[in-house]
Each structure stands twice: as C-alpha cells, then as structure tokens.
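Morning, everyone. Please take a look at the structure on the screen, and then I'll walk you through a few of its features.

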Amino acid sequence: MTGSIYWKLIVASLVVTWAIVNLIPLRDTPFEDYITEQVSAHEDAFQELMEQARGKVEAGEQPSVFMAMKRIASEDGIDISRFFPHIPLERSLVNVDRRNDILMAELLRRSQPKLQPGLDLRGGVAFILRAPDPGDDVDPRQREDQLKKAIEIIRSRADGLGVAEPVIRPVGENRIEVQLPGLTTRDNPDAADELSKPALLEFSMVHRDLDPRTTPEDQQPPNYRLLTLERYNEEGEVEEIPYFVHRIPELTGERVTNAFVSMAEMTGGYEVIIEFDSEGGRRFADLTRRISEENRPGSIGQLAIVLDGQLYSAPTVRQEIRGGRATITGRFTQREAEELANVLNNPLDLPLELEEMYEVGPTLAEDSIRQGVNAALYGALLVIAFMIAYYMFAGIVACITLGLNLVIILGVLSSLGATLTLPGIAGIVLTMGIAVDANILVFERIREELKLGKKLSTALTSGYEKALSAIVDANITTLLTAGILIYFGSGPVKGFGVTLAIGVFTSMFGALVITRFFLEVMVNSGFLKKLSMLSVLQDSKIDFLKYRKIAFATSWAIVLMGIGVIVYKGDRIYGIDFAGGDELIIQFDERLSTIDIEQVAAQNNLGEVLPVYQSLIGEDRVTLRLQTEPDRGTEVFAALDEAFPGAGLTVVGENRIGPAVGAEIQRNAFIAIGVALIGILLYVALRFEMGYGVGAVAAVVHDLLMVIGIFVLSGRQLSAPMVAAILMVAGYSINDTIVAFDRMREELGLDPNSSLKDIINKSINKVLPRTIITSVTTLLATSALYIFGGGVINDFSFTFIVGILTGTFSSIFIASPVFFWWHKGDRRHVEERRDVLPNYEWSSSTKAAR
C-alpha cells in the first residue's frame, strides 16, 4: 500500500476507535452490580458495607444502594476509595466525605452510557422552582421579564451546547418547571441545586484590624457581617476561619464577562479565573490599590470573594491588580471548579426555591416508541438496499462507510453529553440519507471518467479530484450555517447547529477518507477490476430554463398562499411547545394508556394533548399530568371522564404553563437564520461570484417559506422538533444548490463558446443523476418514517419530504434562473467578475505526492 493509503487507514481507525470508546457502555448497568464488579481491594469489608446498604434500602431508610452507601460511609467515617485503588483521585482530596462523593459520582457515571435516552423515551427527573412573591410594588411585566431571563439562564446551565434537550417552561406567574432526561431522584437527589443557585458574586473588603475570634460580641464593627471560610487542613479536617466582611460590596458579578477553570501554579489544584469588562477591570484595580495603600507592617489587607452569601476565599492584597482579572481559589476538584465557572457565567438575578421534585415517565407510549424505532430502522435499511442495488460494489463500500459514519456521529454526540430522543433518531436516519451525497458525487464523477475511456485507477483519482470542489464548497457553506446557528442560537436551535456540524464533518470524512481508502485498496490490489453501476437520466438534454417563468411564478404563488394562511391563523399555528397551554394534575383509580388518551383527544377534535405520568418524591403514588392547548383543559378532562367512567379520574391541580420554546429561542432562531443567509451570500460570492450568492440565498428563503407554508396548509402545528426539521431543510437546500453551481462554474471554463443559458442547462443535466439519486435515498429514509412512524415523527418526516422536493426544485427552477437573471442572460457579465474554479492546496499536494 502507498503512503496515502496508510495514513487514511490510521486516521480512520483512530477516529472510529475513539467513537466506540465514547459509546461504551451501550446500556445501563445496575449500580449495585457495577460497583461490585469494580471492587479491587478489601472485598470482605466491601461486602459488609454492601449488606448494610441493602438493609437500609429494604427498611425504607434510603431510596437506593447508592445513597445508602454514601450515608453509611459518612456516619462511620469509611473511605470508600480504599476499595477502588485503581480509580485515580486528585491528591488534594484529603477530606473523606468529599472524596467519597466524587468517587461515588464517578462510579455512577461509569455505570451508565454517556448517550442517554431523552424524556420521550425514558422520562427523567423534574422539579418546580418557585420565585418569591413579587409584592404589589413590582411591575408584573418586570416580574415576567425576570422569569424569562431565569429560564434562559437555567437552560444555559443545564444545556450549554443545546444537545441535552431538557424541558424548561414557566408555570403560573412565579414558578419554573425543569425536566432533565436520564436522571432519577434515587441517585440524584441534589439535581436541582446547581440549576437554582443565584450565583450572586460579591467582592468586599475584610476588616484589617479586628479578628472575630478575639473580638467581644458587643464590639463587632457596624456595617460588617460575620462570614466563615471553610478549608481543609493536611489531615483532611474542616477548619473554620471567621472574618468581618463589609456588608456593601465594592464590586459585583455584574461586571464579570467570563469565568473559566485553570490549574493553580502554586498548589497544582484547580481555581476559577474571572474576567471583568473594562469598567469592572478599572474598579477592581482601584479597589486593590486602595487596599494595598493602607498596608502596614503586621496588617496586610484582604479582599473577600463571596458567592451566594458563602465566603469562598479571602486573599491578601499586597499591590494593585491590573489586567481585568481575578482568581477564586479553594480546594476545588475539577468538577466543582467547572460547576462554579458555569454558574458565574450564567448568574440568576432572581432567587429560586425548590418547591417540589418528582420523576416523570416517558412522554411517548411503548407502542409509539417501538413504532418510531422500527420506522427509523426501515428507513436505514431502504437506503442501504437502494445504494447496493444502484451502485453495486461501490454501494456496499458506501454503506460500510455509512455505518462507520453513524458510529462516529453517535460517538461525538456521546462525548458532548447529548440526549437521544425519537426525533433525534429520525434526524440521524435522515442524516444517513444525506451523508451518501458526497459518495454519490464521487461515484457519478468516476462514471464520467470511465466513459472517457480512462482505466479504473485513473478514473478513481480523477473522480475524487473533480468532485472535491463541489464537496468542499457545499459542506463549508453548510458548516458556516451550522456555526452561525451555534453562535447566535440557543436551546434546540443551537443543538441542531452542533448536530449539523457533526454531520458535515463525518460525511466529508467518510467520503474523502474511509470510502476512498476502501476503493483504493481494492483497485490497487487488483481485487476490483470493474466498477459497475446502474444509470438514470444519463446524457439528458432537458431545457430547464425554458420552463423557468411558469415554475418560478407557480412556486412563489404557493409560498404566498402559505404566508397568507399563516397570517390568517396567527397563533393557532403553534403547538404547546411554542404557545404553552393548560396543565391538569389528575388522580386516578385505573391507569390509562397514553395512546388511549391521545385517541380520545383526536376523536373529539381537542387539539394537541401531551399526557405524562409522574411520581412525587416521598409519596407512594403516581399522578397524570395532562398538558393541553390553551383553555381546553376542561374539555379534554370531560371527554376522558366520559370515555373512561370507571377510571376514577379526579382533577387535583390546574396550572397555566408557558412555552418550552420561549420568545428568546424564537428570536435567536430568526437572528441566526438571517445571519446565516448573509453568511451564505458572502461565502458563495467570495468562492464563486455574487450572482451565485444571490441565487443560493433566494433558493434557501424560498424553501424555508415553502416548507413552513405547506406545513401550516396541511393543518399541522409547529412544535419543538419542527425547528430542527425546518433548519435541516435549509442545510439540504444549500447543499443541493452549491453542487449545481459548482458544475456551472466548471462548465463555463471548459466550454468558452456556449451561451449562459446553454451552460446552465448543460450543468443541470450533468448533475441531474446525482440530484435524483440523492433525493431518492433521502426520500426513502423519510418516507419510511412518514409511513411507519406516528405523532411527532410523522410531522418531522412530512416536513422533510416537502423540503427534499422543494430543495430539488429550487436548485433547478429558483437558484439557477435567479443567477441567469442577475447576469441578464449574458455569460460575459459572469466572466467580467470573479469566476475561477478554486485549487485547494491539499488536492495539489495529493497530485504531487503521486
């Protein structure tokens, strides 16, 4: 094998191995079984501890073995780490209780897969956070704004990358509901703590002359409060050092722009670095200068760093500190330092108290989950079968690459702590359909080279070289869109950007590295002497621009019709995720299946209904939470009570719930899409020419409006998963358009005598086989989801079916005519501007290497 083949093998092997490592374990191992398997020392003593823990669980004193072991170890001073010497812990962890907490949390983490099922598949833990009553002097709008801000901050803390998919929504006027997937209160009773901390950071002066330990109580200084700094001595025991700290802070966290974790140079432990804005940096320098100027022998001033009323550190100040930075020190573990930095980056202005905590069951019934998973499986199998039937041996190679791509995607999502929902599974299946596009581009180029009489090895090399510009430009444009969604978006919009970026990288890596490795090995070894493929629409000569006016006018008429319906329906186009609604808490004698509840709602035309079972912590009972569209809760309950008179249904609580996809997420989504369109215009104009950029943006706008319009015309309502589906359409649309434009750019250079109209028609006909095959593979996956999937999967797949058809249509009848009209049908207008096929450095170096 040549050197280039070796490096492809090594890189592919390393990436796939890394992905597999991140996916292990694939399923939960019961904590009791896992921890018993991991014991590597003092096994008899561990078994004795385990028996005590089991006894506490059986007696009802503790909810789980996990919690029982922690309680026993704390009461008896047992160092659990001695049973697991092979698990490294930080040397700074001298306190036994802290070491046990961190070790047990790590063992629990290792017993569970990183890629957890979402709320729809498994349920999770939920809690209600209550804000204090605002009082009569607080403007209701101000309180509403405070709650909205608190929701966005909690979302940032719980789901920084947007891939964990929690549900966070307002309930009533002063409460927030948070649902976190993949957790149970049996092993995570403190799940709400980190999310509800206000993170009120204060920098205050410490009294330099008085020591609380020697100061009589009646002589305590006014305007100072007594705070205690806890630290561990060399024996791991807690020492408490009291300080008098000025009540009025000199500086607060409002001036903090960033907080991050760093290694402490002196101790080797962890510390948190905070950065101020310009005003904060100036005030911090002024504060430290004033403290240091009052220093004298035997009296060195100190600065108290207080977070949520707790004194974290009180460093001495010997000189003015410039540079706009401060350091919070303490005997932090890495996890504690990261959590502290996270809350400092997302401080809450509104104090929140935990009102109640409960576990929620899956939002989907078992039959719906099974139906959705089967639909995804059928879709994947259809894509595989089609690729093998059409491209034969090359199709087998593409499918192997597709499987490895899937492993890499899941591995990356796992490493990011993502949550896998049923729409997420459907999205991955659609990604598989799209991911074969790069392979299809290469295969079709190889076919063209073989038609020219080139031998297989030469056709393989030429095919990759000629497909490279289309693959790279299409994927960079999509990647640019993903980056903008990540930067400007939040919640599911940001999460989609992350997932889209992962898909772009993996599909490029699969086609350019993995598929090429397999084909080069087969061809160079002599195993593969002929590359047979089926063909469709080869050498077609359709005059597409002949129909541009009627096609253009018809499609925009449909778009305008859809916009009209959207305006007419107003807020009625939004589902519960966007509009909020009513929530009923129902007790029952006989448990109803969620499918039966949804069927009753559908039969009585009661709109969207989301039933979820919950079990309150500390109570041995299960209740039904029924979410409905606004002002329809009473109707839904009456219909259920009539349909199931023997179920003993009783309403015990009623709330008004806010949207899970709030105004902030919606606003950020519009901003992200707008900036993405500008980014596409600029990139395509830079890499191609302005006319191409205008055509690409026109096609994307057309496709988004068309998809949303037809979705609303079909009588469906927008939900959270639809955000991802609509954004995915944008990615598909721009990819399809760039492939067509890349061929036009190439043909303009190869054919100097044809008119611009002929060049456009010729280019579209050249890429038509690729366009058809890519559309068919994606439609096969999507159609399986639409036919066999139900509920949200049906809506999700319907959206994408419309998007595939619209995207294919727009690259031919929107983007190309706009490009043609922009240049007034004159190729000289194009040639006067920049229109040169780019020469990528890596393609040149590859030729040189040969």
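Let's start with a term. Buried means under 20% relative accessible area, exposed means over 50%, and partly exposed is in between, with a 1.4 Å probe and protein chains only as cover. Now the ground rules. This is a predicted model, where local features need pLDDT of at least 70, side-chain atom pairs count only at pLDDT 80 or more, and totals for chains, interfaces and linings use all residues. Residues are numbered from 1 along each chain as its sequence is written, and side-chain values use heavy atoms, with hydrogens and water left out.

First stop, the backbone. In general, most residues other than glycine have a negative phi, and most peptide bonds are trans. Look at M392. Its phi is positive, about 55 degrees, and it is not a glycine. M392 sits in the loop between α10 and α11 (393-415). Helices here are DSSP runs of H or I with at least four residues, strands are runs of E with at least two, and both are numbered from the N terminus.

N223 counts as exposed, because its relative accessibility is 52%. Then there is a cis peptide bond, from I24 to P25, with omega near 0 degrees. P25 lies in the loop between α1 (3-23) and α2 (31-38).

Next, the surface. Which residues form a nonpolar patch? They are L377, Y378, L381, Y786, I787 and F788, with about 570 Å² of accessible area together. Patch members have over 30% relative accessible area and no salt bridge; like charges are joined within 9 Å, and nonpolar side chains (Val, Leu, Ile, Met, Phe, Trp, Tyr) within 5 Å. The areas come from the Shrake-Rupley method with a 1.4 Å probe, and for residues only the protein chains shown count as cover. α10 (366-391) and α22 (756-788) each supply at least two residues of this patch. L377 belongs to helix α10 and is partly exposed, at 46% relative accessible area.

Stay with α22. It packs with helix α24 (residues 815-822) at about 160 degrees, the axes 11 Å apart. Axes are lines fitted to C-alpha atoms, for helices over the stretch in contact, and angles run from 0 to 180 degrees between N-to-C directions. So α22 and α24 are roughly antiparallel. The cut-offs: under 35 degrees is roughly parallel, over 145 roughly antiparallel, 65 to 115 roughly perpendicular, and the rest oblique.

Last, salt bridges. One is a side-chain nitrogen of Lys or Arg within 4 Å of a carboxyl oxygen of Asp or Glu. How many salt bridges are there by this rule? The count is 44.

Take E448 and R743, whose closest N and O atoms are 2.9 Å apart. This pair links distant parts of the chain, 295 residues apart: E448 is in helix α12 (residues 422-451), R743 in helix α21 (residues 720-750). E448 is partly exposed at 21% relative accessibility, while R743 is buried at 6%.

K466 and E449 also meet in a salt bridge, 3.0 Å from N to O. K466 is in helix α13 (residues 456-488) and E449 in helix α12, 17 residues apart. E449 is buried at 2%. Finally, shared partners join R445, E448, R743, E746, E747, D751 and K762 into one salt-bridge network.
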